[in-house]
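Work through the exercises below with the structure open beside you. Each one is followed by a worked solution.

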Amino acid sequence: MMPDASTAYGKILELANDDKFTAFQNSVTSAVYDELGQGYAANENEVALVKRLVEATQNQSYNNSVKLHAAMLHGSRSYVEFDYLDKRVTKELGDMAVIAVVTTSKKRLFQRICIIQNKKTRKNGWDIDLEQLFLLKNFPPFTGSKGIFSGYRDLAFRNSSGSLGAFGLMHAPGEMLVVAAPLLPEFLRGKKTVPLADISAVGELLGPHGFPFWAMGLPFHHEEWFHMVEEMSRHYGFPIAAASGAGGHSVLSNTRFTRDIYDFIRSWTHFSLGEVTCVGNHVVNKPVDGFANFLMKKAGLGGEIEFPKNDTFGDQGIEGSMAVLVAHVEIGTAGE
């Protein structure tokens with residue numbers, strides 16, 4: 001049994017059952033809707049809309065134990081080179097990273113990240129770059145060309161969840177869907193544009209998630225995990241990762257589609273979005289974990305979280321153009 005991990009899960013479930021925390025989530029959602037609505041009214045592009053998303057979420061906190069951090073890392077756009085079918089191509093990895101982390105006394109207990117490329121509708125749908133979709137779906141070995149990954153060769157990001165890469169699909173009058181990259185080919189079917197009417201049916205493709213993918217390979221036996229789930233279900237009133245992941249209201253699950261900003265904010269702050277990289281201070285996906293830690297340090301969280309000293313990306317002063325959103329839950333602070 002891993003008491004550190006179970007403490008983190010318990011805190012997340014406690015927040016999910018807290019009506020005041022739900023009110024906090026709703027308040028953040030309203031702020032995002034307000035900002036994106038203004039951006040759409042002014043006919044702003046993706047970069048400006050993402051900046052508004054950062055402004056709406058930065059420096060928000062709940063009960064001294066939950067803090068939302070948001071920052072725009074400024075610099076050259078981050079491009080990577082990789083093999084797409086039979087040719088070498090260069091693409092931007094993504095323009096936003098959404099991270100959630102639980103700590104106690106600065107030590108990480110649970111962490112996950114989703115790398116998102118945002119797209120604004122053109123007429124009645126979204127134009128999808130098939131090469132970038134290939135990158136965010138498969139994460140083939142890539143080499144840094146410019147920006148954050150400059151100087152790195154043959155990086156391999158493991159995408160065990162199928163949710164490490166995603167697309168943020170924005171549309172009028174100020175709405176956003178998030179779709180895991182592996183789902184999009186089902187709607188493209190050889191095309192390069194996904195109509196809004198087609199993407200609305202994505203939830204029907206999602207089946208239930210039982211045993212959490214991120215519990216596999218951890219240093220405890222599966223029966224211990226099930227015992228912990230049983231105990232928490234009895235205490236908090238619902239099982240971990242029991243929902244389909246289609247509605248964004250499940251906790252500690254694997255959300256691959258959020259239908260609107262409400263779903264997005266709740267999935268993010270319920271620790272259900274993206275690839276898990278650290279559980280109980282045990283790193284389960286080192287390259288991706290190192291990238292998430294690098295982004296958090298660049299976003300100004302180096303003094304609040306104790307990061308590994310041997311991270312893949314270290315403390316190098318690489319800059320790039322990317323929005324970073326971090327939900328940070330600290331256990332044991334005042335007001336818990």
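**Exercise 1.** Find which residues form one aromatic cluster with Phe-139.

Solution. The model is predicted. In this model, Phe-139, Phe-142, Phe-149, Phe-157 and Phe-291 make up one aromatic cluster.

**Exercise 2.** Classify the aromatic pair of Phe-110 and Phe-271 as stacked, tilted or edge-to-face.

Solution. 
Step 1. By the ring-centre rule, the count of aromatic pairs comes to 15.
Step 2. The rings of Phe-110 and Phe-271 are 6.0 Å apart, centre to centre, and the angle between their planes is 40 degrees. Ring centres must lie within 6.5 Å for a pair.
Step 3. Planes under 30 degrees apart count as stacked and those over 60 as edge-to-face, with the rest tilted. The pair of Phe-110 and Phe-271 is therefore tilted.
Step 4. Locate the two residues: Phe-110 belongs to strand E6 (residues 107–120), while Phe-271 sits in the loop between helix H8 (261–269) and strand E13 (275–279). The pair links distant parts of the chain, 161 residues apart.
Step 5. Are the two residues buried or exposed? Buried means under 20% relative accessible area. Phe-110 has 0%, so it is buried; Phe-271 has 1%, so Phe-271 is buried as well.

**Exercise 3.** Do the classification for Phe-142 and Phe-157, and say where each residue lies.

Solution. 
Step 1. The ring centres of Phe-142 and Phe-157 are 5.3 Å apart and the planes stand at 85 degrees, which makes the pair edge-to-face.
Step 2. Phe-142 is in the loop between H4 and E8, and Phe-157 is in the loop between E8 and strand E9 (165–171). The pair therefore ties together parts that are 15 residues apart in sequence.
Step 3. Phe-142 has a relative accessibility of 0% and counts as buried. Phe-157, at 3%, is buried too.

Methods: Residues are numbered from 1 along each chain as its sequence is written. This is a predicted model: local features need pLDDT of at least 70, side-chain atom pairs count only at pLDDT 80 or more; totals for chains, interfaces and linings use all residues. Side-chain values use heavy atoms; hydrogens and water are left out. Helices (H or I, at least four residues) and strands (E, at least two) are DSSP runs, numbered from the N terminus. Buried means under 20% relative accessible area, exposed over 50%, partly exposed in between (1.4 Å probe, protein chains only).
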